[in-house]
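Please keep the sequence and the structure side by side as you read.

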Amino acid sequence: MDIPFLHPKSKTFPDVNQAIAERDGLVAVGGDLSPERLLTAYRQGIFPWFSEGQPVCWWALSPRTVLYPEKIHIGRSLQKTLRNKPYAVTANQCFPLVIQACAQVPRAGQDGTWITDSMQQAYIRLHEMGHAHSFECWYSDESGRLKLAGGLYGVQIGRVFFGESMFAVQPDASKIAFACAVPYLAQCGIELIDCQQNTHHLARFGSEQIDFADFSATLTRCSALPLAQEIGCGTVAVKHIP
């Protein structure tokens, strides 16, 4: 199986459909994590995923797991937690801390992290350019000081939000961040959330799997549309949580 290698100076990618049919979605290896290459990749439904010491690997999965914001499902237990308001949720308050925590928090069945140092720096650059956003969940400790309980981050192009990773160090913190982030993103005009891979956690929120062709068509349409309002910085004010 021949795997295409990206030329350092070229920002184009090989055919995605061929990668799905012949290489389980592995589009190419190599290249860099420059903002231009990353944004070019995301616009085509391609994302980087590799481990420390490996070359950059670029993937496009089919079926693709997505969440349509208007279809989000909040279970009864989480609804009760949200009503009790044990946490505060913000947007873009500490992106570097969120991506660092996503890389460092231990995960069952995983040895190490795919969010390498180079990956962290690349997405911090995207954040500084306004293309990547974080949502933070805070709790008050015994002294009343706010501490980071959980959060998530992702990339935004037009009306598409590409979820990358989430973490929690307190019970339900990542779920609360997600449950508040999705309606807020919908208020901003987001029509499609790319979840990449299916998990039980996302399925409980109402994610679904679609063919890459359908995903690509929706991605092309939505990524070309401007947001209804900017994804801001500060407390997430959600008009309605389903």
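## R37 and its partners

The side chain of R37 reaches the backbone oxygen of S10 at 2.8 Å, and it also makes a polar contact of 2.8 Å with the side chain of D32. A polar contact is a pair of N or O atoms within 3.5 Å; within protein, one atom must be able to donate a hydrogen and the other to accept it, and residues adjacent in sequence count only if both atoms are side-chain atoms. The model is predicted, so local features need pLDDT of at least 70 and side-chain atom pairs count only at pLDDT 80 or more, while totals for chains, interfaces and linings use all residues. Residues are numbered from 1 along each chain as its sequence is written, and side-chain values use heavy atoms, with hydrogens and water left out.

Is R37 buried or exposed? R37 is buried, because its relative accessible area is 0%, where buried means under 20% relative accessible area, exposed over 50% and partly exposed in between, using a 1.4 Å probe and protein chains only. R37 is found in helix α2, which covers residues 35-43 and in which P35, L38, L39, A41 and Y42 are buried as well as R37. Helices here are DSSP runs of H or I with at least four residues, strands are runs of E with at least two, and both are numbered from the N terminus. After α2 comes G45, whose phi is positive, near 80 degrees.

## Salt bridges

The structure holds seven salt bridges, each being a side-chain nitrogen of Lys or Arg within 4 Å of a carboxyl oxygen of Asp or Glu. One of them joins D32 and R37, with 2.8 Å from N to O, and D32 counts as partly exposed because its relative accessibility is 30%. Another joins D141 and K147 at 3.7 Å, where K147 is partly exposed at 39%. K175 and D172 also meet in a salt bridge, at 3.8 Å; K175 is partly exposed at 26%, and D172 is partly exposed at 30%.

R159, E191 and R221 are linked in a network of salt bridges. R221 lies in helix α8, residues 212-223, and counts as partly exposed at 46% relative accessibility. A polar contact of 3.2 Å joins the side chains of R221 and E191. The C-alpha atoms of R221 and G158 are separated by 9.2 Å, although these residues are 63 residues apart along the chain.

## The largest pocket

The largest pocket has a volume of about 790 Å³, and of the 33 residues that line this pocket, W114, E164, S165, M166 and T199 are the closest to its centre. On a 1 Å grid over the protein atoms alone, a pocket is an open set of points where a 1.4 Å probe fits, with protein on both sides within 12 Å along at least five of seven lines, and lining residues have an atom within 4 Å of a point.

Domain 1 (16-60) and domain 2 (65-239) both give residues to the lining, so the largest pocket lies between them; the domain bounds come from an automatic or database domain assignment. Which strand or helix gives the most to the lining? β9 does, with seven residues. By class, the lining has 19 nonpolar, eleven polar and three charged residues.

How values were computed
Grid points are joined across faces, edges and corners, and a volume is the space filled by probe spheres set on the points. Ala, Val, Leu, Ile, Met, Phe, Trp, Tyr, Cys and Pro count as nonpolar, Asp, Glu, Lys and Arg as charged, and the others, Gly among them, as polar.
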